[in-house]
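Please open the model in your viewer and keep the selection tool at hand. The stops below say what to select next and what is there.

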Amino acid sequence: MGRYSDQFMQKCGFGHKNANSAAMMGKSCGGKSISQGSMPDIGDRPSDRGSKQIILYDPNMASPPSHRLLEVDALRGLAAMAVVLFHYTTRFTELFKAVEMPTVSFPLGYYGVNLFFIISGFVIFMTLEKTIRPMDFVVSRFSRLFPAYWVAIFLTFSICHLLGLPGKLVGLGTAFGNMLMIHGFFHVAHVDGVYWTLEVELLFYCGVFLLYRLRRLNLIHHVLFGLLVLKLTYYLLERQFGINLPWIIFRLLILGYIPWFALGISIYLAISRQDSSGWMQPAQTAVMALLTLWVCDSLFVFTLALALATVVFLAASGRVPMLKTPPLVWLGAISYPLYLLHENIGWAIQLQLQAIGIPIDLTIFIALMANLLLANALVRWVEKPAMLWIRTRYKNRTRPTEQ
């Protein structure tokens, strides 16, 4: 949306022929992290009275509960796959000299990032509502995000330097600069372009965590309404009067993406409140978020947001049983590492295969299979063990103080 979105994407290292659309939709390089699944297994408290207990799939559980939102995890996996296919088809042919065009392309796959943001709004707010101690949330998020991310940086840096990827390689110092996920604020290039969404996710986590620490989660609808109004103010002042408000505030408050997170939070609150009156505020917030997207973006974006929010609502309500199929559940379980690893490594593989005359459709398939296997290995040998080790040590350290 104008100057603010353009500057955001430029500072995050994204370049595309349609910068405004890319800024609004997260077109740069995908979403985990996006989205990233919540595993509220540390110090979770029972749902508040009058609320339904919602439990997301935790691959670390030896005996997972019978009631789980596997559909939401599957949606996360499908969102990641949409972004992957966008990068391997449409984006690859835009950036590199493809000898031929793929039989099937996915030009709208980048919208998977927006689905990630909706799911993150749902999951993170749910987690905080059930969190007893602040450090429970911090440890849960850290163990979920950073070990896999650090290994992904190492693998992407190493493999891309080994295979070669023109215009996308960075130095060792830059790679270390990516370690905290906030390197965009210091104008440090991304090891992989998809990392720009991690900054957005972290800022969202910090915002809702601040509300939690202030014991003001009950004011979430007022906060979201204020942020949506501020987004509209930025847009209207720039569009109608040529007045540019501070860009850094726009970025810190993630105003470009707040409607998508607001939709996820509204969906969770609508589902978790059993009484009919509990629907009123979530519905109002969701409508405000949708209207903001219509005004600031387009009718198409409004329609897309409505469709994605509806799908998340149905999945979170357990009304899409087909999403519980094992392949989709597995895809959801590896979605975060897949998102982190797929772009530059996949492109490097495609370029190497293209150089020896492999048809582009086959290069896409091979790159996809290689990254699925790599993501699965990262989950099995890094993500799960690291989460288990970190969370176990944390529980053991806090247990004596509870006795």
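This is a predicted model: local features need pLDDT of at least 70, side-chain atom pairs count only at pLDDT 80 or more; totals for chains, interfaces and linings use all residues.

A residue is called buried here when its relative accessible area is under 20%, and exposed when that value is over 50%, with partly exposed in between.

**Salt bridges**

A search of the whole structure finds six salt bridges, and three of them can be visited in turn. Select Glu129 and Arg273 to begin with, whose side chains meet in a salt bridge with an N to O distance of 2.7 Å. Because Glu129 belongs to helix H4 (residues 112–130) while Arg273 sits in the loop between helix H10 (258–272) and H11, this pair ties together parts that are 144 residues apart in sequence. With a relative accessible area of 11%, Glu129 falls under the 20% limit and is therefore buried.

Go next to Arg133 and Asp136, where the two side chains meet in a salt bridge at 3.1 Å, N to O.

Then select Arg144 and Glu383, which form a salt bridge whose closest N and O atoms are 2.4 Å apart. This pair links distant parts of the chain, since Arg144 is in helix H5 (residues 134–163) and Glu383 is in helix H15 (residues 360–402), 239 residues apart. Both partners are buried, Arg144 with a relative accessible area of 3% and Glu383 with 2%.

**Aromatic rings**

Turn now to the aromatic side chains, among which a search of the whole structure finds 23 pairs. Show the rings of Phe137 and Phe209, which count as stacked because their planes lie at 15°, with the ring centres 5.5 Å apart. Here too distant parts of the chain are linked, Phe137 being in helix H5 and Phe209 in helix H7 (residues 196–213), 72 residues apart. Phe137 and Phe209 are both buried.

**A nonpolar patch on the surface**

Switch to a surface display and select Leu236, Val287, Leu291, Trp294, Val295 and Leu299, which form a nonpolar patch with about 520 Å² of accessible area together. Which helix gives the most to this patch? It is helix H11 (residues 280–296), with four residues. Val295 has its place in helix H11, and with a relative accessible area of 42% this residue is partly exposed.

**Helix H12**

For the last stop, select residues 299–316, the 18 residues of helix H12. Colour Val301, Phe302, Leu304, Ala305, Leu308, Ala309, Val312, Phe313, Ala315 and Ala316, which are the buried residues of H12. If you look down the helix axis, you will find that these buried residues fall within an arc of 165°, so they line one face of H12. As a background to this view, an α-helix has 3.6 residues a turn, so residues three or four places apart point the same way. Finally, step just past H12 to Gly318, which takes a positive phi of about 75°.

Notes:
Residues are numbered from 1 along each chain as its sequence is written. Side-chain values use heavy atoms; hydrogens and water are left out. Helices (H or I, at least four residues) and strands (E, at least two) are DSSP runs, numbered from the N terminus. The expected span of a helix is 1.5 Å times one less than its number of residues. Buried means under 20% relative accessible area, exposed over 50%, partly exposed in between (1.4 Å probe, protein chains only). The arc is that of the directions from the helix axis to the C-beta atoms. Patches are made of residues with over 30% relative accessible area and no salt bridge: like charges are joined within 9 Å, nonpolar side chains (Val, Leu, Ile, Met, Phe, Trp, Tyr) within 5 Å. Accessible areas come from the Shrake-Rupley method with a 1.4 Å probe; for residues, only the protein chains shown count as cover. A salt bridge is a side-chain nitrogen of Lys or Arg within 4 Å of a carboxyl oxygen of Asp or Glu. Rings of Phe, Tyr and Trp (its six-membered ring) pair if their centres lie within 6.5 Å; planes under 30 degrees apart count as stacked, over 60 as edge-to-face and the rest as tilted.
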